[in-house]
Amino acid sequence: MIKVFCNQKEKDLKNFWGHIVFHPTNAIEDDWGKAYLDKIAEDGAAKTVRIYSMFEEIVTLDENGEMQFDFSKNDYRIDYLLSKGFDLMIVYAFIPPWLSAEQDDKLIKPRYKNVYFHKSYASDYSKWEEICRVYTQHLVDRYGEDTVAKWPIHCYNEPDLTAFFYQNAPSYVERAEEYCKLYDGFEAGVTSVSKKIRIGGCGLSEGPTHFEFLEHFLRYVKKTGKKFDFLSYHSYGTFYTQANAGLRPLNAYDSYPNTLTVKKIADMCGFKDIPFICDEWGGATDGYFGMDKCPMFEFRENELYSAYYAKLLTYYDESVIDQDLLMICLSGQHDLTEDLMGHRNFFSKSFYPKPIFNAHVLANKLGDEKLCHYVDLQEERVSIMPSRHTSDGHISALLCYADPAFAVNLPEKTFDTVFEGLDKEYKVTKYVIDKTHANCYTKFCELGRPQDASEEIKEEIRRAGALQAEDAGTVSPESNTLSLTMENNAVVLLELMPA
């Protein structure tokens, strides 16, 4: 039995879960990028979008060696996102090639559409500070200080990784110290324009020294008193090498212990109440790898990922961490040669909506108050997030029936969900994601995994992947129990609207 107490509020519910990293940033001006964002906005699958400032495009040198700024592409991207109703998170990155201290072709990293940056530290941090200042001033002038102050802004991306920052550093200590200089310039540049803007760092990966790097940085920030409004970090469930070796199989809990350790380090360094922003999460890293590299990455295409996500929300919601944002990383979405090949994205090459996309749509239908509830111990593999919308009083409950480690093929089962404390009759609408509902991958496999499908077949697969609203009857003070049958790895949203 599952009991929801509709007249008892447990706490205010902040939507930390419904946010994305849209990558690559410069796909926003592409037709496919806009189509993705249009659908995400239309269906309400995300509220906040993380992008890069892409200083490597914005700041160049004129013939006299003076900095010149071109904000045209940046403005187009931000204008487009705002026109769709998204909030933003901006990562100030990357170091322009001309500002790199190490002018070595081996340190050049190619990005989407032949945009390059150097995997080096800055040769002149006063210039880095000026870039941050001019860019921030441009944002404030164009969008207003109050608007920009709503956007968390952080310094750089994964500076603990040689793939992004100071590749030739002798040790993590030298790399961390260089990042502290980078943060100094960032903090000075932003705050010279506005003290209201929320800034933070350091967006670390899960590399071998990221905890030590984080400790070094936080102790420096505490000692120097730099403005530091949130702690950003990345957290992933597994890695393809570990998955292939059978060392770290899929488990919805596995990205959470990293967060707990980050919390311990923050507490130890004097940041006990700092808001947390996980500005990249995923069931696995390696967004550019598919099932050809790691067969387990099939989970990115099917109902396992939607169940993983629903389970993950309950872990974060019930923790002691002040989680501000949890942002799924969609990198790898531009590098598609085939349909449904195991990359981390919301849509396939043929624009089939995946179960993980549908799960984001459902989760973003939750309200702003969490309701008291409990689940019978015999139903331990069922999780629920019940909520109420204070705007109109309707109730939304997100349920998941899955083994968190996906190690057990659970039988179909019927659960009684009791809604105590109802004040009137409510009409119930049900949305389901499982193997046979809102699942384009099942239909794709049934049709023989067609890679060169006709438009008619593609449309059939898209329909199979779309969410469907089902009439689930009514509940009332006199008849308050709803019987709900769920398959293995099912995610269900119940919406109770006043009749």
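Me: What makes strand E11 and E12 a pair?
Reply: In this predicted model, strand E11 (residues 230–236) and E12 are joined by 6 bridges in the parallel sense. One of the positions involved is Ser232, whose bridge partner in E12 is Ile277.

Me: What joins E12 to strand E13, and in which sense do they run?
Reply: E12 and strand E13 (residues 323–329) run parallel and are joined by 4 bridges; among the residues concerned, Phe276 has Gln323 in E13 as its bridge partner.

Me: Which elements make up the β-α-β unit that includes E12, and what is its handedness?
Reply: The unit consists of E12, helix H10 (residues 303–317) and E13, and it is right-handed. That word requires that, with the strands pointing away from the viewer, the path from the first strand over the helix to the second runs clockwise.

Me: Why is strand E12 called largely enclosed?
Reply: A residue is buried when its relative accessible area is under 20%, and 7 of the 7 residues of strand E12 (residues 276–282) are buried, so the strand is largely enclosed by the rest of the structure. For the protein as a whole, 58% of the 499 residues count as buried.

Me: Why do strand E19 and strand E20 count as edges of their sheet?
Reply: The sheet is open and mixed in its pairing, with 9 strands in the order E19-E18-E21-E16-E15-E14-E1-E17-E20. Strand E19 (470–475) and strand E20 (481–486) each have a single partner strand, so one side of each is left without a neighbour in the sheet. From one strand to the next, the twist averages 30 degrees.

Me: Which strands does helix H11 lie across?
Reply: Helix H11 (residues 355–363) lies across strand E16 (395–401), strand E18 (426–433) and strand E21 (490–498), and runs at about 155 degrees to E18.

Me: How do you know that the radius of gyration agrees with a compact globule?
Reply: For 499 residues a compact globule would have a radius of gyration near 23 Å, and the protein has 23 Å, so the two agree. The C-alpha trace spans about 80 × 50 × 45 Å along its principal axes.

Note on methods
Residues numbered from 1 in each chain as written. Predicted model: local features only at pLDDT ≥ 70, side-chain atom pairs only at ≥ 80, totals over all residues. Heavy atoms only, no water. Buried < 20%, exposed > 50% of the residue type's maximum accessible area, 1.4 Å probe, protein only. Helix = DSSP H or I, 4+ residues; strand = E, 2+ residues; numbered from the N terminus. Pairing = 2+ DSSP bridges. Rg over C-alpha atoms; globule rule 2.2 N^0.38 Å. Axes fitted to C-alpha atoms, helices over the stretch in contact; angles between N-to-C directions. Contact = heavy atoms within 4.5 Å.
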